[in-house]
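Here are my notes for you to read alongside the model.

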Amino acid sequence: MTIYAAPGTPEALVTFKSRYEHWIGGEWVRPVKGQYFEDISPVTGKPFAEVARGTAEDIDAALDAAHKAAPAWGKTTGTERAAVLNKIADVIEANLELLAVAETWDNGKPIREPLNADLPLAADHFRYFASVIRAQEGEFTELDGDTVAYHYAEPLGVVGQIIPWNFPILMATWKLAPALAGGNTIVLKPAEQTPVSILVLIELIGDILPPGVLNIVNGFGLEAGKPLASSPRIRKIAFTGETTTGRLILQYASANLIPSTVELGGKSPNIFFEDVADKNDAFYDKAQEGFVLFAFNQGEVCTCPSRSLIQKPIYDTFLSDALDRTKKAIQGNPLDTATQVGAQASNDQLEKILSYIDIGKQEGARLLLGGERVDLGGDLTDGFYVAPTIFEGQNSMRIFQEEIFGPVVAVTSFDDYADAIAKANDTLYGLGAGVWSRNGNLAYRAGRDIKAGRVWINNYHAYPAGAAFGGYKSSGIGRENSKLALDHYQQTKNLLVSYSETALGFF
Amino acid sequence: MIDAAVVIDGESQSRVALTDASIDLLHLLWGKYGPLMFHQSGGCCDGSSPMCYPAGDFITSDADVLLGRFDIAAPGDPGTPGTPGTPGTPGQPIDFWMSREQFAYWSHTHLTVDVVPGRGSGFSVEGPEGLRFLIRSRLMDDAQPFR
């Protein structure tokens with residue numbers, strides 16, 4: 001067990017600057033309007049750094065830098081770009097603990113997660129796209145003896161990316177790695193709840209990328225995100241967030257006739273068929289853990305398994321075991337490697353979760369565990385902590401239908417296969433789902449029948465770089481991870497070449 | 001508190017309300033951005049929150065339902081000069097919208113727009129104020145709790 005020293009104390013691995021500027025054209029640039037906002041650590045509820053509050057003028061400066069860098073970066077070979085991505089991965093790996101402390105302080109997540117998940121995944125993600133771009137081949141078709149269609153993948157140019165606060169560095173990586181691999185230059189707008197950890201990473205990797213290839217402008221959605229998303233100077237806009245902003249971004253993209261990929265969340269079902277309880281063995285233990293994964297990252301995951309559907313014959317025993325398992329989850333100082341549940345990312349997130357717990361009770365859902373804010377005392381007393389919460393109710397209740405984005409699971413039962421699939425699909429969303437069964441045929445069919453982009457079978461919350469991730473239904477458009485993501489950052493150039501000296505004969 | 005006017009055909013109860021803190025904040029925002037609208041979001045991150053935009057910025061369609069219309073002008077106040085609301089409508093009207101598919105799951109609940117300290121709000125206009133609109137819910141009078 002290790003407790004990392006809090007930033008601001010002598011032994012801390014990371015020393016935050018008192019003020020962070022924008023990263024534009026390979027240097028730190030003051031905001032044009034000279035305004036800053038405070039970054040609050042959810043661990044303590046206290047501000048710890050000032051961050052540049054970007055406006056349309058700063059977005060324009062970043063776009064200038066990106067446009068200046070785009071022609072040369074777009075002409076680099078895949079080999080050169082892969083070398084850059086691999087170097088970034090090496091730096092992340094070499095600075096794992098420092099970055100983990102920064103991520104935990106910015107976001108509130110328990111440090112075992114960035115140490116073992118967020119950051120190793122981020123490093124691997126850069127390496128994955130380094131490999132993908134090196135292995136990418138153009139295509140050609142011999143249309144007839146003298147005519148050949150050549151297909152080349154070309155960069156889009158300058159792209160805009162707006163990322164969320166739940167995995168600040170990893171979600172940036174999901175968007176940056178394919179965009180850089182594809183030869184694009186980028187203006188990135190981090191979430192205003194977690195603006196700093198990505199800048200700590202930039203301090204480490206800034207000199208690896210040519211100036212202007214990656215530009216970061218912080219600020220509020222209205223003041224910095226909107227000018228970026230609506231700019232006629234980007235060739236693509238990528239966004240992760242919620243449905244209303246997603247629609248607004250698609251609206252801006254339509255005005256500029258550019259493509260947009262949007263990932264907008266979910267309300268993922270986690271289905272436990274009765275045969276999981278056939279034996280009390282390692283698989284049963286794994287399935288139990290699969291239930292408790294609703295509390296992973298404090299539930300702040302777009303694919304949080306926030307609806308548990310348990311088959312009736314095992315409902316009481318499975319749920320009772322799951323309650324015991326959840327009660328053992330250790331909530332505490334996020335900088336302690338023993339901590340399993342940390343802080344919610346912001347005060348308004350905390351308030352929103354509590355408002356959902358309230359409506360859950362009003363709708364008649366039964367509160368089986370948690371349901372309140374937690375005061376951890378000492379320096380953590382003002383941090384944003386919510387106890388892991390289990391509700392029992394019906395799928396039509398709002399706590400079953402809306403993404404609470406907190407450590408809250410809504411549990412109900414189902415009769416048979418048809419009932420399980422009907423309940424799983426009775427949602428606006430289709431991002432993730434879990435299926436647990438010892439019967440491979442049953443699990444396969446369920447996986448195919450659930451309308452979601454990612455169905456985990458006999459596991460949950462794994463995010464390997466090689467597996468496509470994205471939504472069905474109102475969960476969004478496009479895929480991240482896997483080589484499919486590269487398609488969203490490249491154009492197809494077709495050269496249609498005639499090797500014949502013979503005229504067509506039309507004129 | 002202000003209750004929204006009933007705008008759904010055949011309904012007699014207001015579905016949305018504003019707390020006093022929301023009304024104060026909306027007055028401030030109206031002064032900065034002119035006429036305003038709400039669209040209730042769903043989904044991830046800053047989702048499930050009411051997003052407040054300059055009126056017309058978010059394009060609504062048949063895919064949306066108008067749940068109610070507030071008037072935040074004080075009684076007898078014709079509205080803010082120079083920033084008229086919807087043509088022909090006196091006062092300071094603010095429409096509250098939600099996507100139709102989301103309304104199908106929310107329709108049994110009454111919504112009150114409140115304000116909390118916070119940050120991060122998509123492109124919602126209150127974000128830079130260090131405040132965040134938040135929905136508090138209760139069951140509609142004619143909705144039965146699920147049992």
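1. Domain bounds here come from an automatic or database domain assignment. For chain A, that assignment gives domain 1 (19-264 + 475-493) and domain 2 (269-457). Taken over C-alpha atoms, the centres of domain 1 and domain 2 of chain A are 30 Å apart.

2. A word on conventions. This is a predicted model, in which local features need pLDDT of at least 70 and side-chain atom pairs count only at pLDDT 80 or more, while totals for chains, interfaces and linings use all residues. Residues are numbered from 1 along each chain as its sequence is written, and chains are lettered from A and ligands numbered from 1 in the order in which they are written.

3. How many residues of each domain of chain A are in contact with the other? Domain 1 brings 20 residues and domain 2 brings 24, where a contact means that C-beta atoms, placed from the backbone, lie within 7 Å. On the domain 1 side, the elements giving two or more residues are helix H3 (96-107) and helix H4 (112-135) of chain A; helices (H or I, at least four residues) and strands (E, at least two) are DSSP runs numbered from the N terminus. H3(A) provides the largest share of that side, three residues. By class, the domain 1 side has six nonpolar, nine polar and five charged residues. In this scheme Ala, Val, Leu, Ile, Met, Phe, Trp, Tyr, Cys and Pro count as nonpolar, Asp, Glu, Lys and Arg as charged, and the others, Gly among them, as polar.

4. H3(A) and H4(A) also meet each other: their axes come within 9 Å and cross at roughly 100 degrees. That makes H3(A) roughly perpendicular to H4(A). Axes are lines fitted to C-alpha atoms, for helices over the stretch in contact, and angles run from 0 to 180 degrees between N-to-C directions. Angles under 35 degrees count as roughly parallel, over 145 as roughly antiparallel, 65 to 115 as roughly perpendicular and the rest as oblique. From H3(A), residues including A:Leu96, A:Leu99 and A:Ala100 meet residues of H4(A), among them A:Pro114 and A:Leu115. The residues of this contact of H3(A) with H4(A) divide into six nonpolar, one polar and two charged.

5. H4(A) has another helix packed against it. Helix H2 (residues 78-94) of chain A packs with H4(A) at an angle of about 170 degrees, the axes being 8 Å apart. H2(A) and H4(A) are therefore roughly antiparallel. Among the residues making the contact are A:Leu85, A:Ile88 and A:Ile92 of H2(A) and A:Phe126, A:Phe129 and A:Ile133 of H4(A). Twelve nonpolar, three polar and four charged residues make up the contact of H2(A) with H4(A).

6. Turning to chain B, four strands form an open sheet with mixed pairing, in the order S1-S3-S8-S9; strands pair if DSSP finds at least two bridges between them. S1 (2-3) and S9 (131-139) of chain B stand at the edges with a single partner strand each, so one side of each is left without a neighbour in the sheet. Strand S3 (residues 16-18) and strand S8 (residues 109-117) of chain B run parallel and are joined by three bridges. B:Val16 has B:Leu111 as its bridge partner in S8(B).

7. Which helices lie across strands of this sheet? Helix H1 (residues 20-33) of chain B lies across S1, S3, S8 and S9 of chain B, at about 65 degrees to S8(B). Helix H11 (residues 347-362) of chain A lies across S8 and S9 of chain B, at about 5 degrees to S9(B).

8. The contact between the chains takes 41 residues from chain B and 44 residues from chain A. On the chain B side, helix H2 (100-106), S8 and S9 of chain B give two or more residues, and S9(B) has the largest share, seven residues.

9. Finally, please look at two positive phi values outside glycine. A:Leu257, with phi of about 50 degrees, is exposed, with 7 other C-beta atoms within 10 Å. B:Cys45, with phi near 60 degrees, is buried, with 29 other C-beta atoms within 10 Å. The cut-offs, with C-beta atoms placed from the backbone, are 20 or more other C-beta atoms within 10 Å for buried, 12 or fewer for exposed, and partly exposed in between.

How values were computed: Two residues are in contact if their C-beta atoms, placed from the backbone, lie within 7 Å.
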